[in-house]
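Please keep the sequence and the model in view while reading.

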Amino acid sequence: MAQYGGRYLVRGGAAEAVEGGPPPKNIIVVEFPSMTRLREWYASPEYAEALKHRRTALDRRLIFVEGVPPS
């Protein structure tokens with residue numbers, strides 16, 4: 001992930017549901033410099049290898065969100 005410019009912003013810290021439904025058991029937020037780099041990471045051979053294990057190891061939702069442009 002780092003070779004594609006990704007870095008963790010949130011990784012498994014305590015979560016508290018203030019509104020809406022219960023939070024997921026773990027929340028991970030990763031920042032990439034662009035959606036292009038994110039998609040390159042997602043399509044990478046390195047991540048493909050991780051996906052082989054992920055599919056049987058856990059249930060998750062993966063969401064790509066475009067961030068706020070720099071001001």
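Where does P22 lie? P22 is found in the loop between strand 1 and strand 2. The model described here is a predicted one.

P22 has a relative accessible area of 76%. Exposed means over 50%, so P22 is exposed. P22 and R39 are 17 residues apart along the chain, and their C-alpha atoms are separated by 29 Å.

A second pair can be set beside this one. R7 and L51 are 44 residues apart in sequence, and the distance from C-alpha to C-alpha is 19 Å. R7 belongs to strand 1, and L51 is one of the residues of the largest nonpolar core.

## The nonpolar core

Which residues make up the largest nonpolar core? This core has 6 residues: Y4, F32, L38, W41, Y47 and L51. Helix 1 and helix 2 each supply at least two residues of the core.

## Aromatic rings

How many aromatic pairs does the structure hold? There are 5 aromatic pairs. In one of them, the ring centres of Y42 and Y47 are 5.5 Å apart. The planes of these two rings are at 40°, so the pair is tilted.

Y42 lies in helix 1 (residues 35-42), while F64 lies in the segment after helix 2 (45-57). The two residues are 22 residues apart in sequence, so their pair ties together separate parts of the chain. F64 is partly exposed, at 28% relative accessibility. Ring pairs link F32, W41, Y42, Y47 and F64 into a cluster.

The charged end of R11 sits over the ring of Y8, at 4.3 Å from the ring centre.

## Salt bridges

How many salt bridges does a search of the whole structure find? The search finds 3. One of them joins E31 and R7, whose closest N and O atoms are 2.7 Å apart. Why does this pair tie together parts of the structure? E31 lies in strand 2 (residues 28-31) and R7 lies in strand 1, and the parts they belong to are 24 residues apart in sequence, so the pair ties these parts together. E31 is partly exposed, with a relative accessible area of 34%. R7 is partly exposed as well, with a value of 47%.

The other bridges are found within helices. R37 and E40 meet through their side chains in a salt bridge of 2.6 Å, N to O. Both residues lie in helix 1, 3 residues apart, which is about one turn of the helix. R37 has a relative accessible area of 27% and is partly exposed; E40 is partly exposed at 34%.

In helix 2, K52 and E49 are also 3 residues apart, about one turn of the helix. Their side chains meet in a salt bridge of 3.1 Å, N to O. Is K52 buried or exposed? K52 is exposed, since its relative accessible area is 54% and the cut-off for exposed is over 50%. E49 has a value of 40%, so E49 is partly exposed.

## A nonpolar patch on the surface

Which residues form a nonpolar patch on the surface? The patch is formed by L9, V10, I27 and V29, and together these residues have about 280 Å² of accessible area.

L9 is placed in strand 1 (residues 7-11). Its relative accessible area is 45%, so L9 is partly exposed. R7, which takes part in the salt bridge with E31, is also located in strand 1.

Note on methods. Residues are numbered from 1 along each chain as its sequence is written. This is a predicted model: local features need pLDDT of at least 70, side-chain atom pairs count only at pLDDT 80 or more; totals for chains, interfaces and linings use all residues. Side-chain values use heavy atoms; hydrogens and water are left out. Patches are made of residues with over 30% relative accessible area and no salt bridge: like charges are joined within 9 Å, nonpolar side chains (Val, Leu, Ile, Met, Phe, Trp, Tyr) within 5 Å. Accessible areas come from the Shrake-Rupley method with a 1.4 Å probe; for residues, only the protein chains shown count as cover. A salt bridge is a side-chain nitrogen of Lys or Arg within 4 Å of a carboxyl oxygen of Asp or Glu. Helices (H or I, at least four residues) and strands (E, at least two) are DSSP runs, numbered from the N terminus. Buried means under 20% relative accessible area, exposed over 50%, partly exposed in between (1.4 Å probe, protein chains only). Rings of Phe, Tyr and Trp (its six-membered ring) pair if their centres lie within 6.5 Å; planes under 30 degrees apart count as stacked, over 60 as edge-to-face and the rest as tilted. A charge sits over a ring if NZ of Lys or CZ of Arg is within 6 Å of the ring centre and within 35 degrees of the ring normal. A nonpolar core is a set of buried Ala, Val, Leu, Ile, Met, Phe, Trp, Tyr and Cys residues joined through side-chain atoms within 4.5 Å.
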